[in-house]
Amino acid sequence: AAAAAAAAAAAMRAVSIPLAEPRGFKRSPLIEDTRTRFFMITSNVGENVVKSVQHNAWATQRKNEQKLNDAFRTSSSVILLFSVNKSGAFQGYARMRSYIGRSTCRADPFRGFWRL
């Protein structure tokens with residue numbers, strides 16, 4: 001039984017195959033920069049992700065603010081990846097352009113729930 005389990009585990013090991021990039025594809029320098037930080041921003045409500053895109057603003061829980069502000073201060077770039085919980089997909093991405101709380105958005109798309 002142990003030998004069969006070891007054989008199954010060996011068969012499941014990932015094989016590293018370099019992916020071919022399409023002709024003319026140019027990799028973003030942000031990906032190559034080791035000082036770029038990436039964060040997953042998740043939402044329970046898909047509508048909030050749509051509002052973020054429409055109004056060029058996003059909201060997060062207070063517990064995340066310091067971590068994101070620290071990354072913005074110390075990193076060359078901060079990239080936010082957006083996903084709706086249990087969707088199994090990414091809905092978008094954005095580059096953080098200011099500290100949290102300094103949005104230029106004039107509307108209130110989240111109806112006062114900017115900080116949870």
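Leaving aside residues up to four places away in sequence, Val84 is in contact with Ser43, Asn44, Val45, Gly46, Val49 and Gln91. Val84 also belongs to the largest nonpolar core, a set of eleven residues. The model described here is predicted.

**Sheet**

- Three strands form an open sheet in the order β1-β2-β3, and their pairing is mixed.
- β1 (36-43) and β3 (92-95) are the edge strands; each has a single partner strand, so one side of each lacks a neighbour in the sheet.
- On average, neighbouring strands of this sheet are turned by 25 degrees against each other, direction ignored.
- Four bridges join β2 (residues 77-84) to β3 in the antiparallel sense.
- Opposite Ile79 stands Arg95, a residue of β3.
- Strands in a sheet pair through hydrogen bonds of the backbone, in either a parallel or an antiparallel manner.

**Helix α4**

- Helix α4 (residues 62-74) packs on the sheet and touches β1 and β2; the direction of α4 makes about 155 degrees with that of β1.
- The 13 residues of α4 should span 18 Å at 1.5 Å a residue, and the distance of 19 Å between its end C-alpha atoms agrees with this.
- Glu65, Leu68, Asn69 and Ala71 are the buried residues of α4.
- Viewed down the axis of α4, these buried residues fall within an arc of 160 degrees, and therefore line one face of the helix.
- An α-helix has 3.6 residues a turn, so residues three or four places apart point the same way.
- The buried residues of α4 pack against β1 and β2, whereas Lys63, Gln66, Lys67, Arg73 and Thr74 are exposed on the other side of the helix.

**Nonpolar core**

- The largest nonpolar core consists of Phe39, Ile41, Val49, Leu68, Ala71, Val78, Leu80, Phe82, Val84, Met96 and Ile100.
- β1, α4 and β2 are the elements that contribute two or more residues to this core.
- β2 supplies the largest share of the core, namely four residues.

**Ser83**

- Ser83 lies in strand β2.
- The relative accessibility of Ser83 is 10%, and Ser83 therefore counts as buried, the cut-off being under 20%.
- Beyond residues up to four places away in sequence, Ser83 touches Met40, Ile41, Thr42, Ser43, Ala89 and Gln91.

Key: Residues are numbered from 1 along each chain as its sequence is written. This is a predicted model: local features need pLDDT of at least 70, side-chain atom pairs count only at pLDDT 80 or more; totals for chains, interfaces and linings use all residues. Side-chain values use heavy atoms; hydrogens and water are left out. Two strands pair if DSSP finds at least two bridges between them. Axes are lines fitted to C-alpha atoms, for helices over the stretch in contact, and angles run from 0 to 180 degrees between N-to-C directions. Contact means heavy atoms within 4.5 Å. Buried means under 20% relative accessible area, exposed over 50%, partly exposed in between (1.4 Å probe, protein chains only). A nonpolar core is a set of buried Ala, Val, Leu, Ile, Met, Phe, Trp, Tyr and Cys residues joined through side-chain atoms within 4.5 Å. The expected span of a helix is 1.5 Å times one less than its number of residues. The arc is that of the directions from the helix axis to the C-beta atoms.
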